[in-house]
Structures are given as C-alpha cells and as structure tokens.
Amino acid sequence: MEKILHSSELFSHPGRLLEEHLIGTARFADYFFNDKPVSIRKDLQDVGKIIALCHDLGKSTNFFQQYLISPENKSLNHIPTKKTQHSLFSAIPTYFICKEIFGGGLLPYFAYIVVRRHHGNLISIADEVTLYDYNDCRFLLSLFENIDQNKFSILADKLYDAGLPFLITLENIENWICEFNNEIKNIKKLIRQSNNNINNYLNLNLLYSILLDADKSDAVLGDINYINQRCTLSSNLVDVFKSKTSFRESSINHLRERAYKEIFHKTVKLDQKIYSINLPTGLGKTLIAFSFALKLRDSLGSKHRIIYSLPFLSIIDQNSQVFESVLKENDIIPGSNILLKHHHISDLYYKTSDDTEFESDEARILIEGWNAEIIVTTFMQLFYALISNKNRNLRKFHKLANSIIILDEIQTIPIKYWSLLRNLFLELVNRFSAYIILVTATEPMIFEKDELTCLINKEEYFNKINRATIKPLIKQDITLEELTDTINIKEHKSYLFILNTISAAKSLFSIISQKGLKVAFLSTHIIPKERLKRIKQIMDKNYRIVVSTQLVEAGVDIDFDVVVRDFAPFDSIIQAAGRCNRNNNLKGEVYVASLKDSNNKLYSSYIYDPVLIEITRKILNNYDEIKEKDLLQLTQQYYQEVNRKKSQDISSAILNSIKELKYDSCDDKDKLSISDFKLIEEDFPKMDVFIEIDDEATAIWKKYLDLKYITDLFERKKYFDSLKPSFYQHVISIPKNVPNRPDFIGELGYVAKSRLNEYYNLQTGYVLQEDKTIIIC
C-alpha cells in the first residue's frame, strides 16, 4: 500500500512548505547540472542534489518558524536573532551524509562550506574549519532541542522519497553535532595534504554557484518551466542579416567582407578551445565574432550559451543593438530569453519571445542568473563571476560551463592579471567545455602561440589598410596652449582630442571654446544619460570637434579626420587611432603629444604605469610617421617588451590563493586572497552624487525619497530595483576629497536643481572649483 504523507507544516518562506522548497531547489539544481559536461555531472551532480535537499534543514527549528510568522521580520529595523540562523545547522547533516555516501576526501567538506555560506560570502577554507568550536556545538544542540519531532520526521520522509540517499532522524543530527568537533582534525589534515590545484576551486565554486542559483530561483520563480525552455539559433543568422542589409561600395567594405568570408569558411575543430580574431579597428569584428560563435554553437549541439563581454558600459548598448538587429532580420523576436543585456544598472525587465513578462523580483532573478541564449555583459560581471568570494558574483559561475565567451577589446585587461587569467581560462576550457574567442586590434600576449587558434590571416589585413598615419610629437613636452598652437584646426575637417585626465580635458575644452568653435565634451563627470546622448550625437556627425577622456578610445563607433592623443601606452594609442578615418574616406592623421600641466608634470604620469610609458616612448622615438600597415609588427614588439619587463607577481599570488581556496582570509592580511582581485583599481576614494539636472531627474529624486516611507524590507528593495536604472542615469562618481562637496542624503551626494550652477556645468559636468588633476577610471 502506497504511503501517504501529510505536509510537515514546516515552512521555508511565508506560505511555502520547507519540503517543497528543498525539493524544488533540488529540481532546479538537477536541471542546472544536466546542462553541464558529462564529467561534471558524473563527479558532482549527486553531491549537488544532497546539498540542495539539505541546505535549509535548520529552518525546521521552532525559533525560525516563529520568526517567519512574526510581523516584525520584514521591518527594516528588525535584526534576526542568532537562533533564527540556519546555515550552520544545515551544513552539519550535509557534511555527514556526503561523507557516508562519498567517503573521505574534501568533497564532504566542500558540501559543508557551500551550505554554511549560502547566505554569505566564501572565506578561506582553512579559516572556515577553525570557526567551529564547542560553543557552536552547544548552540546547535539548543536549536536541536527546539525541533518538533513529528514534523521533522515527515520532512525527512519526504526528502528521502525525493532522492536524499539517507533517511535523517533527529538522533542522527544530535550525534553529528556532537561528532563534528572530532571531524575538524581530519578536515585540517585533509587540507594540509590536499593537492593545491585549480580543479578544487572550480568544483567548490560550481557547487556553491548551483546552490545559490537553484535556491534563489525556486524561492522567487518556483516553476522550473520558466527557465528550462532552451531555444535553437541557426548558425547563419548573420549571413541572413547581411543579405538583407545594403552596404555601400567601398574599399573598406570589401575588406570587411573578405575578413567575414575567411572566417565563415573556416572548419570548426572542437578540440581547439581558444580562438583569436585580430583585425584592424573598424573591420567588423563584432559581426564576425558573433557569426563564428553561432557556427561554433551549432557544431556543439546548441547547448552552449554565448557570453559577449566588453570592458565599457558605453558600448554595451551599441553592440547589443547590433545583435538585436541580426535577430529581427531573421524574424526572431529578441526576447530576454534569447538576448539579455546585463550590467549593474540594467533595467529590471525580462520579457520572453512568447510575450511573457515577469515582475521585478522574478526579472531580477532571471537577469542576474543569465537565463538567455546570448548574454551581453561587462568584463566586471564576467570576471567577478570567475574570480570572487562574493555570493552575488559567484551565482553566475556555473553558467560559464558550456559557454562560448567572446572577449571584445581584450587588450584592456590589466597586464598584472595576464598569467592569472591564462591559467584559469585554460582550466575552464578543459574542465567546463567552455570556448574563448579573443577579439581585438591589439592582441596582448596572454596565451602562448600553441594555445591559441588564429581565425584570420591578420598580416594580410593590416598590410592592406592605410587609413591613417600616426605622427609622434614627443621630442619635447608641451602645454595644452602649445598644443592648440601646434594643431591647426581647419574648417573642412573633424577633430577628436583624447586627454588623460578630466582636468586636462576641461582645460582644453575651455581653450578651444574661447576661439569661438563649437565643441562637444565627454568625461565620466557628465551624467550617464547625457554622456550617451552626446555619443549618439557625435556618431550622427553633429559635432566637428570633440574633447574627451579615454572613455571613447575602444569600441565606440565614432569617426574623425584627425585624432590628437595625449601620450599613453602603445595599445591605447592604437585604439585611439581606430577612431580616425574608420571608413577610409580621406587620409587620416593621428598626432601623439606629450602634454604637461602647469607644474611641468606629464598628465600621462598620473594614470599610467611608467614601464609601459617608457616602452612606448622608445618605440615612437624611432619614427617621424607610422603607417597603419606597420602597426601589427610594432604592437607585437610592444607586447614582447611588456612581457619581458612587467611582473606577474600579483597573478601568481592570487593564483596561489585560488589553489589554496583562500577566498578571504581572517588572519593573514599580508598575503593576497581571491577577494583582492580588482579589475579596476581606484586610486582615490570616490563618492556617488545624484545630479538633479532636469524635471525628469526631479521626479526620480522624489521617488527615491519615498523609500523612507516603505518599512517592509522586501518591498523597499523591490521599489528601488524598479527605480535603479533611471536613477543611476543621473549619478556620477567624484573624488571624496573634492573641495566643492555637495549636500548629502545619507551616504549619497545630492545636487538640487536650484543649486545646479554651484556644482554642475551643463557642458563639462561636475564643478570641482580647484583645478586639481582628476584621473579617469
């Protein structure tokens, strides 16, 4: 006779039975594992299921059940007591069940860590084991004594029926709590004897990531059908798009088509995992990379997600719109389940191709979980998904398995991390069946030649291009005033000036404007909404003269007759040159000047590594002019010198921490841990400031102030999530020590519309008052 089980009457969330949530989380986890390579499923899927079924067992205590029904638990001022915490309690049975099933080794301890930290961030595994003592044992026993035996028995039966390979009793839990102190010695010994390798890092991160994603997805979405409907994409989407799009006859378009066809006819060899598309700027690398990724995905059986990653927010929209156009020309509705754009101020909007629209909480879970076939995102999102100790970053980690990762503008990755990323990517492609496509005009030497498959005969394209000539003006250092005397601005030409600091850009803008010329200004001290508007106007040729910091030098599709670049590393100069005569209309000119401030200090010295500057200066000193066809050879020469002179000590230190699973150390602050990985280093403390620039900003600010009236913590977060995209379009970051400090509302600076003239110039952005050199990040 079939056994009929009533509910346990224990709850995980308001209105959600604990057994439903645990079984639902296991169902999501199984789905995520089924999407992974066979070797991962074989090694980790069973332990992942145990983790999912046990991760919230601690919620079965009366303390937590009372907390759930308490009306205060949603209040902003309510702090959960220690007795309502459940992760440690849940981690103990997870450990012992895994040990019983899988034997010794680190895997049961990994399971313990995953459950122990699923509401927090990861710390060093050596520190983790020292944090449990007899006080914890006594505390857990006090929780154990407050569990309803009948309810827990029903819960245990349901979990066993759902696939937990061990029927848990309260007696088991009591014994395990008491025994765990003895286990600590064995765990410490295992840690000391373990082979420190990247594979342990990948395994632990994957288990942690899948639990985080499964837990959040079940708690918010509930129904797995929202995410398990994968879509097929034809490998010839870009071909169809190109056949329906007219391109004018020109030599540069012929070259673009030639490059596209060369890669299109390449035979895909699946044993090659890391590819390179190294072409001059403006030759259509975005479409070429996307087309090859679709072809590769088709060869792999269409399970691989395409993750297109870029360094700058300013070009996310531009490239995402290209992919959207490709899909639409193929009669594919670019719903969020097909094409997803994700960065820290993304709209919380998720609507599938079949017109299903999700509420903000659900949309956030779907977006932050990268639930799409094509994800367009930033380097920040991608690399912190790979190298981090933080819960919110690592949730996406498992989506790197069975992925095709396109790294556009790869040269922007800090040199100090080359070795670190090389080692991680090599493990990622081998263990996780990931594929990497590097896209750049200035390919750095991150990988060895035998590790990289070149998809294009790059020499042929560099040799045939002759759009601009680089003219170094570096024999002597000059001021901004001397620069404007040197560069004769002609009426029939367009000019882009790229400066190294915001203060230099503002000064040059003022000098040129005083000559009665119409000038556009760009820097990060302009609010994002206005910045994007100006970039669009520049692309539409509404400005003949533009003064900018280096935010335009990579990826932004703008075109000028003359580009003037303050001195910078060689790869930055090449990227700046890519904004000159992109479509090969008239012969372009790129001037490189060595600019100094009023104290005779070079602006380049404020922000660039002196070693890179020295290498670049030695190269440029040999030339009066550099033709575009010579850039490939000179770029290789530059990177060879960089490789020889630049230290990889930081890479080595973080790589060692990865092998030792030292996520964040409690004790040893002298050594770098995984949490010390910083893609962008801040040279000075910054603060965010909201600029009430117009009526739209006024309405947004009023909505922001309404947050204080929302006492429900979850409703408050939901409200701000809906406001965040438009809110951050009006926020800039400025130095904390700026003399012209705005008013503050909490920790946020605020410039009211009535005081705009005191703090914000509509042309050049935030008014610093003192002319201090502010670097651009």
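Contact here means heavy atoms within 4.5 Å.

**View 1. Who touches whom across the chain.** In the protein, 78% of the contacts with a separation of 6 or more are between residues 24 or more positions apart. This is a predicted model, where local features need pLDDT of at least 70, side-chain atom pairs count only at pLDDT 80 or more, and totals for chains, interfaces and linings use all residues. Residues are numbered from 1 along each chain as its sequence is written, and side-chain values use heavy atoms, with hydrogens and water left out.

**View 2. The overall build.** You'll find 30 helices and 22 strands here (DSSP runs numbered from the N terminus: H or I of at least four residues for helices, E of at least two for strands). The radius of gyration is 28 Å, close to the 28 Å from the globule rule for 777 residues, so the protein is as compact as a globular protein of that length. That radius is taken over C-alpha atoms, and the rule is 2.2 Å times the number of residues to the power 0.38. The C-alpha trace spans about 90 × 65 × 55 Å along its principal axes.

**View 3. A seven-stranded sheet.** This open sheet pairs its strands in parallel, in the order β5-β6-β4-β7-β8-β3-β9 (two strands pair if DSSP finds at least two bridges between them). At the edges sit β5 (339-342) and β9 (453-454), each pairing on one side only.

**View 4. Zooming in on β5 and β6.** β5 runs parallel to β6 (residues 374-378), and four bridges join them. Look for Leu340: its bridge partner in β6 is Ile375.
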